[in-house]
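Subject: Structure for you to look at

Hello,

Here is the structure I promised to pass on. Please open it alongside this note, and then read on for what turned up.

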Amino acid sequence: MKKFINNTDDMLVESLSGFALAHQDMVELHLNPNFITRKKKAMNKVAIISGGGSGHEPLHAGYIGYGMLDAACPGYVFTSPTPDQMLLAAEAVHANKGILFIVKNYAGDVMNFEMAAEMLPYESATVLTSDDCAVINSTYTTGRRGVAGTVIVEKCVGSLAEAGADLQSCKALGDKVNLHTASIGVALTSCTVPAAGRPTFDISETEIEMGVGIHGEPGRKREIMRPANAIVQDMVNAILVDFKAKNLAINNVEALLLVNGFGATPLMELYLIFNTASQLFTQHGIKITRSLVGNYTTALDMSGASITLCLLDDEIKHHWDSPSHTPALNKNQ
Amino acid sequence: MNTAFMIKCAQTILHSIVVNESTLESLDREIGDGDHYINMKRGASAIVEMQTELATLSPIEALNKIGLKLLSTIGGASGPLLASLFMGMSKTLATQTDTTEPIQNSQQSTLKYAVAFAAGVQAIVLRGKAGVGEKTMLDVLIPVSNQWVLLATQNTAVNTICQTLIQVAEQGMLSTRNLIATKGRAASLGERAIGHIDAGAKSSQLMIEAVCQLILSDNLKEKP
């Protein structure tokens, strides 16, 4: 393992401290327990809190700020944060309209946020994101995983909360965006959890992991490496099949196409993937009118990428386009 | 059972986890995300570190404190699940009286703790929405809890209970090898999880074994 580390125990706090320092105009770091809030507390709105294991940067702390999150709770690398973090974060950002938790659908995250919600003295609701169509819902009761589509949910719900909507409306929009979003990832290499010191899984030069999760957990199947167009074709097909299974019409529908890097894939390749995916979706009658390309939900140093498609209606489009001012996603209108 | 014994349990559990580092790491890397050892070590260390604070508490208070500490230190799914175990035990014991007798010496106390442990395991079932056969820690904890309650009801000697539970835990842990995971870390793997033991089942088995061995060796010292 070759990484920028002093020692693995201090790594998270050192990284969070650097993040807070670099974005001191926007965020404030609280330690022991760890959570990050906006520099300036928002008043009289639903407070939106997300969180999850670290290693997916800029998710979630990078999306704290006007138009997106009020606070984020970072866990250890690939490990859910704990209820004490969530409770203190909620106390810090609660602004009289309740707390909305945005939680990626993993057993650990779900249980920790669930316990926090039970202990919370405020009204709360939870949006579970489950955009990963690599995992088939009916077979495994844990259900689909939340991956890069979470960024779109955080953006849209954040916008609605900023407009003064109530808790249930925010939850409803979050659920709707999640339903209209499908993602699938592919890994070319494993990632290495710093404390473990070696790659999470073994994969040869000639193999790829189709349907990989953002922790390097295996997906659909191990496949043979092939040209990018063939890989992207399979990913696009998986997404189309998912929308069909959900009975969501795609013909002539506007969509946001997000090509997300897992941490070690160059932008050059991400744009190549965008080029192919965009053409393929267009051939199926989808109008790609919004786009996002870059490292938005990473898996440490994994090489690979995910493709996310979010079907847009006027409401989702409005909230995607609305202004946001965060360390990792800035939009001006 | 007394709090001093609980602290000894925490120490022996931490030791067992550390000794089995490579086993737990490789199991979780095979069909999980590779962080189980680190999380369990952090949790057990946190309990050992709070021994001075625990020593001043009753077993009921100590178990609840242990649960809250695990909840805030382990993270992942193991945190809330193990926290539910200890907090569930504490809650059940609180509804009973006289919990100060040492577990090694009293059949009654053994039954009381067996019932409390069963309630704690039930709390895990509710939190994790899982049961036996899903390739999780419950494949160890449910059979152990059932067997413990059964043997304690039959007034079985503590040493025999411990020896039996070590075996039951081992069998439960090994049974996860041939299961498809429907809950927990390997639930997205389908048939690829077959042939691998679940890391959570392994750590649970190690903890049961460590505590049972501690009781057996303590009894050996007392009655040579």
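**A histidine to start with**

His23(A) sits in the loop that links α1 (11–22) and β1 of chain A. Keep in mind that this is a predicted model. Is His23(A) buried or exposed? His23(A) counts as buried, because it has 20 C-beta neighbours inside 10 Å and 20 is enough for that class. His23(A) and Val147(A) are 124 residues apart in sequence, and their C-alpha atoms are 24 Å apart in space.

**The hairpin and its cis bond**

Next comes a hairpin in chain A. Strands β1 (residues 27–30) and β2 (residues 35–38) of chain A pair in the antiparallel sense, over four bridges. Within that pairing, Leu29(A) stands opposite Ile36(A) of β2(A). Four residues lie between the strands of the hairpin. There, Asn32(A) takes a positive phi near 55°. The peptide bond from Asn32(A) to Pro33(A) is cis, with omega near -5°. Pro33(A) belongs to the loop between β1 and β2 of chain A.

Another cis peptide bond joins Glu57(A) and Pro58(A), with omega about 10°. Pro58(A) is in the loop between β3 (47–54) and β4 (71–77) of chain A.

Two residues of chain A are worth checking for phi. Phe78(A) is not a glycine, yet has a positive phi of about 60°. Its place is the loop between β4 and α2 (83–93) of chain A. Phe78(A) is buried, with 32 other C-beta atoms within 10 Å. Asn96(A) is not a glycine either, and its phi is positive at about 70°. Asn96(A) is found in the loop between α2 and β5 of chain A. Asn96(A) counts as exposed, because it has 11 C-beta neighbours inside 10 Å.

**Helix α5 of chain A**

Does the length of this helix agree or disagree with what its 13 residues should span? Helix α5(A) covers residues 167–179. At 1.5 Å a residue, its 13 residues should span 18 Å, and the end C-alpha atoms are 18 Å apart, which agrees.

Its buried residues are Cys170(A), Lys171(A), Leu173(A), Gly174(A), Val177(A) and Asn178(A). They cover an arc of only 165° around the axis, so they are on the same side of α5(A). These buried residues pack against several elements of chain A, including β5 (99–104), β6 (124–129) and α4 (149–162). Also among the partners are β12 (304–311) and α8 (314–321) of chain A.

**Helix α6 of chain A**

Helix α6(A) runs over residues 228–245 and has 18 residues. From first C-alpha to last it reaches 26 Å, close to the 26 Å expected. The buried set is Ile231(A), Val232(A), Met235(A), Val236(A), Ile239(A), Asp242(A) and Phe243(A). Seen down the axis, they fall within an arc of 130°, so they line one face of α6(A). The face turned away carries the exposed residues Ala230(A), Val241(A) and Lys244(A). The buried residues of α6(A) pack against β7, β8 (207–210), α7 (267–283) and β12 of chain A. After α6(A) comes Asn247(A), with a positive phi near 60°.

**The cores**

The largest nonpolar core has 164 residues. Which members touch the most others? They are Ile49(A) and Val157(A). Leaving aside neighbours within four places in sequence, Val157(A) is in contact with Ile48(A), Leu100(A), Ile102(A), Val127(A), Cys170(A), Leu173(A) and Gly174(A). Another core, of seven residues, lies apart from the largest one. Its members include Ile31(B), Ala181(B), Ala187(B) and Leu189(B).

**Where the chains touch**

In the interface, 22 residues of chain B are in contact with 28 residues of chain A. On the chain B side, the elements that give two or more residues are α2 (21–31), α3 (36–49), α5 (59–73) and α6 (78–94). By class, that side has six nonpolar, nine polar and seven charged residues.

**One helix of chain B**

Helix α8(B), residues 138–153, has 16 residues. It reaches 22 Å from its first C-alpha to its last, close to the 22 Å expected. Among its buried residues are Leu138(B), Leu141(B), Trp148(B) and Leu151(B). The buried residues of α8(B) pack against α7 (107–128), α9 (158–175) and α10 (199–222) of chain B. Asn155(B) follows α8(B), and its phi is positive, near 60°.

Best wishes

How values were computed
Residues are numbered from 1 along each chain as its sequence is written. Chains are lettered from A and ligands numbered from 1 in the order in which they are written. This is a predicted model: local features need pLDDT of at least 70, side-chain atom pairs count only at pLDDT 80 or more; totals for chains, interfaces and linings use all residues. Two strands pair if DSSP finds at least two bridges between them. A nonpolar core is a set of buried Ala, Val, Leu, Ile, Met, Phe, Trp, Tyr and Cys residues joined through C-beta atoms within 7 Å. A residue is buried if 20 or more other C-beta atoms lie within 10 Å of its own, exposed if 12 or fewer, and partly exposed in between; C-beta atoms are placed from the backbone. Two residues are in contact if their C-beta atoms, placed from the backbone, lie within 7 Å. Ala, Val, Leu, Ile, Met, Phe, Trp, Tyr, Cys and Pro count as nonpolar, Asp, Glu, Lys and Arg as charged, and the others, Gly among them, as polar. The expected span of a helix is 1.5 Å times one less than its number of residues. The arc is that of the directions from the helix axis to the C-beta atoms.
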